[in-house]
Amino acid sequence: MLRVGVIGTGMIGRDHIRRMTRVLAGVEVTAVTDVDTATARQVAAGLSGATVHASGTDLIADPAVDAVVVCSWGPTHEQYVLGSIAAGKPVFCEKPLATTQQACLRIVEAEVGYGGRLVQVGYMRRYDEAYRALKAVVDTGELGAPLLMHCAHRNAAVPGFYEKESAITDTAVHEIDMVRWMFGEEVAAARVLVPRRSRNGGDLQDPLLLILEMAGGALVDVEISVNIRYGYDIRGEVVGENGTAALGELSPVTVRRNQQVVTPVPADWRERFLRAYDVELQEWVDAITGAGVPLGPSAWDGYAAAVVSDAGVAALRSGERVGVTLADRPKLYTAEVAA
Ligand code: NAD
Ligand code: ISE
């Protein structure tokens with residue numbers, strides 16, 4: 001049984017605790033912490049015998065914690081991931097790995113210094129049935145070379161702390177990771193086009209159109225709309241030389257009634273990616289309890305996503321095309337996405 005400590009008991013922290021205690025096998029939550037101590041205590045009250053720690057640092061040091069799950073706000077991730085590496089404990093960190101590429105590189109360097117993989121980043125789309133099916137089609141080569149991918153990432157609404165750049169650093173960062181994985185190559189450059197502003201978004205520039213140039217020449221466009229009200233809608237279509245392939249409609253039911261056809265749209269990411277998060281964390285638990293090494297998105301993937309995300313932010317600010325330059329990839333990550 002893998003004994004996990006969870007840092008951050010907000011929305012996704014509670015959701016991951018629910019799945020680790022009620023859905024997944026081979027894992028128990030033995031410790032929690034949150035700067036909002038009342039929330040952590042409330043969550044622990046629903047668990048059998050979980051310790052509430054005063055800080056993430058205390059939780060990492062707890063001998064009853066074999067592995068750490070970081071679900072606190074992005075700017076706190078670096079500290080807890082570095083702390084886990086220093087303690088030699090596997091750490092699953094929600095995206096983003098850290099909020100700057102420099103911080104991500106420090107994590108990569110710490111892991112390389114440790115001499116083996118300990119870090120996995122929460123890019124759960126790689127575990128989604130629809131994305132996996134889409135990648136399987138692309139990998140057969142039956143579409144020919146991929147030329148374009150059209151994506152839409154639509155949120156019904158976003159929280160108050162969401163800032164101008166969050167559309168790229170917090171939201172489109174999922175597509176940034178996904179296209180590196182989908183095409184097995186790095187992103188070479190980013191551009192951002194700014195359309196007319198939605199009145200639903202207040203001061204935010206919403207929507208945005210992010211254009212990614214892949215190293216192999218394919219172009220990816222990502223519509224990022226984060227106040228679209230009608231629901232949480234994730235789309236993706238690959239255009240190849242001989243055909244196209246798209247994520248399917250995800251609702252298991254369509255209702256025809258009163259001269260209308262109604263297909264439900266998920267409310268948010270918890271509903272849309274429910275199964276993907278389950279598979280992601282179950283595979284992580286199995287890998288850690290098995291060979292002791294995580295197999296999912298690595299610290300290098302987290303770093304690469306941060307560099308592209310920074311390029312996207314620079315492109316948004318300047319209106320220019322911004323190239324992506326990655327550091328040399330350490331040998332520890334050589335089996336990863338080809339440059
Ligand atoms: P949230 O605000 O609901 O929860 C974050 C929690 O972290 C809060 O309870 C806060 O008090 C706590 N916290 C902040 N600083 C802390 C610290 N130093 N130590 C301990 N606890 C601390 O936010 P959320 O929506 O749950 O997001 C948390 C993280 O998960 C973010 O990095 C976010 O990007 C990521 N996330 C990922 C997905 C996904 O689809 N993979 C979805 C939502 C959120
Ligand atoms: C949130 O943090 C997530 O990661 C969701 O998957 C994404 O859709 C949302 O835009 C982010 O704010």
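A polar contact, as I use it here, is a pair of N or O atoms within 3.5 Å; within protein, one must be able to donate a hydrogen and the other to accept it, and residues adjacent in sequence count only if both atoms are side-chain atoms.

**Ground rules.** I am working from a predicted model, where local features need pLDDT of at least 70, side-chain atom pairs count only at pLDDT 80 or more, and totals for chains, interfaces and linings use all residues. Residues are numbered from 1 along each chain as its sequence is written, chains are lettered from A and ligands numbered from 1 in the order in which they are written, and side-chain values use heavy atoms, with hydrogens and water left out.

**Ligand 2.** Asp 170 puts a polar side-chain atom 2.6 Å from an oxygen atom of the ligand. For His 153 I also read 2.6 Å, again from a polar side-chain atom to an oxygen atom of ligand 2. The side chain of Tyr 232 has an N or O atom 2.7 Å from a ligand 2 oxygen.

**Ligand 1.** Here I found 24 surrounding residues, the closest being Ile 12, Asp 34, Trp 73, Lys 95 and Tyr 277. Trp 73 has a polar side-chain atom 2.8 Å from an oxygen atom of ligand 1. His 77 does this at 3.3 Å, also from its side chain to a ligand oxygen. Val 35 uses its backbone: an N or O atom there lies 3.3 Å from a nitrogen atom of ligand 1.

**Domains.** Domain 1 is 2-125 + 276-298, and domain 2 is 128-267 + 304-323. Their centres, taken over C-alpha atoms, are 27 Å apart.

**Where the domains meet.** I see 11 residues of domain 1 in contact (heavy atoms within 4.5 Å) with 17 of domain 2. The two bury about 1300 Å² between them, 52% of it on carbon and sulfur atoms; buried area is the accessible area (1.4 Å probe) that two parts lose on being put together, summed over both. Gln 101, Tyr 123 and Arg 125 supply 61% of the area domain 1 buries against domain 2, more than any other three residues.

I noted 3 salt bridges between the domains (a side-chain nitrogen of Lys or Arg within 4 Å of a carboxyl oxygen of Asp or Glu). Glu 283 forms a salt bridge with Arg 132, with the closest N and O atoms 3.5 Å apart.

Methods:
Domain bounds come from an automatic or database domain assignment. A residue is near a molecule or strand if one of its heavy atoms lies within 4 Å of it.
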